[in-house]
Amino acid sequence: MATRHQVREAVVSILYAQDIGNSEVEKFEDEILENKKIRNKQKEFALSLIEGVLNNLEVLDNEINKHLKEWNIKEIGHIERAILRLSSYELLLSDIDEAVAINEAIELAKTLCNDNVPKFINGVLGSIQKDKREK
């Protein structure tokens, strides 16, 4: 059985594929998840994350943009954008613990991105978390 971290990694890869213009990826979500041995409750979790991000994409992008100091969301890398979208969804619109959402995002960045990205992801998500708590 896949771990939640592995589920999130698969979700980031699907979000990445969609972001780079692979509109056909939705047809292959089940196959992608099955290939990564993501089944049953973990598959439900993965699909709920994908659906949650895609259904709230505009809200998430606007929120992320507010916390990018020197960039626009369209100027950051596709993987970074996918990680930020997923973690922002978990942080703002799901019942996932905030610390778990941020930690998972940092771990994904360590695995999938270059050395500077985890710090960048942490900074953006920390700012989003602070803003959320002040509301």
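Modeller: Among contacts in the protein between residues at least 6 apart in sequence, 68% join residues at least 24 apart. Keep in mind that this is a predicted model.

Colleague: Noted. How many helices and strands does the protein have?

Modeller: Seven helices and zero strands. Read from the N terminus, the order is α-α-α-α-α-α-α.

Colleague: And how does the radius of gyration compare with the globule rule?

Modeller: The radius of gyration is 14 Å, close to the 14 Å that the rule gives for 135 residues, so the protein is as compact as a globular protein of that length.

Colleague: What does the C-alpha trace span along its principal axes?

Modeller: About 40 × 30 × 30 Å.

Colleague: What share of the residues counts as buried?

Modeller: 43% of the 135 residues.

Colleague: Let's talk packing. At what angle do helix 5 and helix 7 pack?

Modeller: About 30°, and their axes are 11 Å apart. Helix 5 covers residues 78-93, and helix 7 covers residues 117-134.

Colleague: Roughly parallel or roughly antiparallel, then?

Modeller: Roughly parallel. Angles under 35 degrees count that way, and this pair is at about 30°.

Colleague: Is the crossing left-handed or right-handed?

Modeller: Right-handed, as helix 5 passes helix 7.

Colleague: Which residues meet there?

Modeller: Helix 5 brings Glu80, Ile83, Leu84, Ser87, Ser88, Leu91 and Leu92. From helix 7 come Val117, Phe120, Ile121, Val124, Leu125, Ile128, Gln129 and Lys132.

Colleague: How do the residues of that contact divide into nonpolar, polar and charged?

Modeller: Ten are nonpolar, three polar and two charged.

Colleague: Where does lysine 37 lie?

Modeller: In the loop between helix 2 (29-35) and helix 3 (40-55).

Colleague: Is lysine 37 buried or exposed?

Modeller: Exposed. The relative accessible area of lysine 37 is 52%, and the cut-off for exposed is over 50%.

Colleague: What about asparagine 40, what is its phi?

Modeller: Positive too, at about 55°, although asparagine 40 is not a glycine.

Colleague: Where is the place of asparagine 40?

Modeller: In helix 3. That helix runs over residues 40-55.

Colleague: And does asparagine 40 count as buried or exposed?

Modeller: Exposed, at 63% relative accessibility.

Note on methods
Residues are numbered from 1 along each chain as its sequence is written. This is a predicted model: local features need pLDDT of at least 70, side-chain atom pairs count only at pLDDT 80 or more; totals for chains, interfaces and linings use all residues. Side-chain values use heavy atoms; hydrogens and water are left out. Axes are lines fitted to C-alpha atoms, for helices over the stretch in contact, and angles run from 0 to 180 degrees between N-to-C directions. Helices (H or I, at least four residues) and strands (E, at least two) are DSSP runs, numbered from the N terminus. Angles under 35 degrees count as roughly parallel, over 145 as roughly antiparallel, 65 to 115 as roughly perpendicular and the rest as oblique. A crossing is left-handed if the near helix is turned anticlockwise from the far one by less than a right angle, and right-handed if clockwise. Contact means heavy atoms within 4.5 Å. Ala, Val, Leu, Ile, Met, Phe, Trp, Tyr, Cys and Pro count as nonpolar, Asp, Glu, Lys and Arg as charged, and the others, Gly among them, as polar. The radius of gyration is taken over C-alpha atoms; the globule rule is 2.2 Å times the number of residues to the power 0.38. Buried means under 20% relative accessible area, exposed over 50%, partly exposed in between (1.4 Å probe, protein chains only).
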